[in-house]
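Please take a look at the sequence and the model first.

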Amino acid sequence: MEYHSPVLLKESVDGLNIKPDGVYVDVTFGGGGHSKEILRRLNESGKLFAFDQDEDAQRNSIDDSRFTLIPQNFRFIKRYLRFYGVRKVDGVLADLGVSSHQFDEAERGFSTRFDADLDMRMNQAGHLSAFEVVNNYEEDRLSSVLFQYSELRNAKAIARKIVEARSEKKIRTSFELKEVLSEFVPKSVEHKILAQIFQGIRIEVNQEIEVLKEFLLQIPELLNEDGRLSVISYHSLEDRLVKRFIRSGLFEGEPEKDMFGNVDVPMKKVGKLIIPSFSEIKKNNRARSAKLRIATIK
């Protein structure tokens, strides 16, 4: 089975405007699809650094003298690039989606399709798992996770139901969680609602929103003057943060204007929002919600 089919491959790498002798970073290595395309466009002097904290992904490392795989979370991008003597780069690519491999490996607990232990850790050495979130979070905190990250209006009722169920017996598997939540999941929208619930728990387990914010804040200082940022997101929470940061340098609110009405914004967008073609979605249905935004230093 293929590890992961890279989404918007040509468009996202085109967005980096590759210089053959440049230095680039793929912060979500996964199956290595985007990295291989970047390497294909580099000459012998070019360099590519990639990040992935998932041990399964690290087994896909590429045997190429121009390539370095850093087995860490990309929230530490500046710190680890500095370790390799890199302070500026010509482009950074981020594909924020969960890999097909992670969804297809039942024991990882990412998918609603399999009965697996509640896990959902992208870093298998991480301390926080879906089991901890579901079984040990206070009701208010659990409700907040489901409201913010699952975007469910009935988050309070769902959290209350989980707390009631776990007081009798720990909820250990994905199917046990689905059974507890059955009254909130009409058959007609079962997949959609369960996907939202699992998404919210996964975001909390992996601190995905905080990681994305920390990553984006480092980009203006990291990119060379004409460097590029190419980001593929898959849900509105991610895309909203990327869009706002590119537009204003902030994640909420508007930047302050000086006495002449000007604002100091570190980045500017390049081109329009890009989404997959019908033919790509037909070949890879998991591409259907992808959105690509490209930016450069202002």
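This is a predicted model: local features need pLDDT of at least 70, side-chain atom pairs count only at pLDDT 80 or more; totals for chains, interfaces and linings use all residues.

Residues are numbered from 1 along each chain as its sequence is written, and side-chain values use heavy atoms, with hydrogens and water left out.

Let me begin with helix H11, residues 208-222, and helix H12, residues 236-248, which pack at an angle of about 20° with their axes 11 Å apart; helices here are DSSP runs of H or I with at least four residues, numbered from the N terminus, and axes are lines fitted to C-alpha atoms over the stretch in contact, with angles running from 0 to 180 degrees between N-to-C directions. H11 and H12 are therefore roughly parallel to each other, a term that covers angles under 35 degrees. On the H11 side, the residues in contact (heavy atoms within 4.5 Å) include Leu212, Leu216 and Pro220, and among their partners in H12 are Leu241 and Phe245.

The second pair is helix H7, residues 139-148, and helix H10, residues 190-205, which pack at an angle of about 115° with their axes 8 Å apart. That makes H7 roughly perpendicular to H10, the term for angles of 65 to 115 degrees. Here Arg141, Val145 and Leu146 of H7 make the contact with Ile197, Gly200, Ile201 and Glu204 of H10.

Note on methods. Helices (H or I, at least four residues) and strands (E, at least two) are DSSP runs, numbered from the N terminus. Angles under 35 degrees count as roughly parallel, over 145 as roughly antiparallel, 65 to 115 as roughly perpendicular and the rest as oblique.
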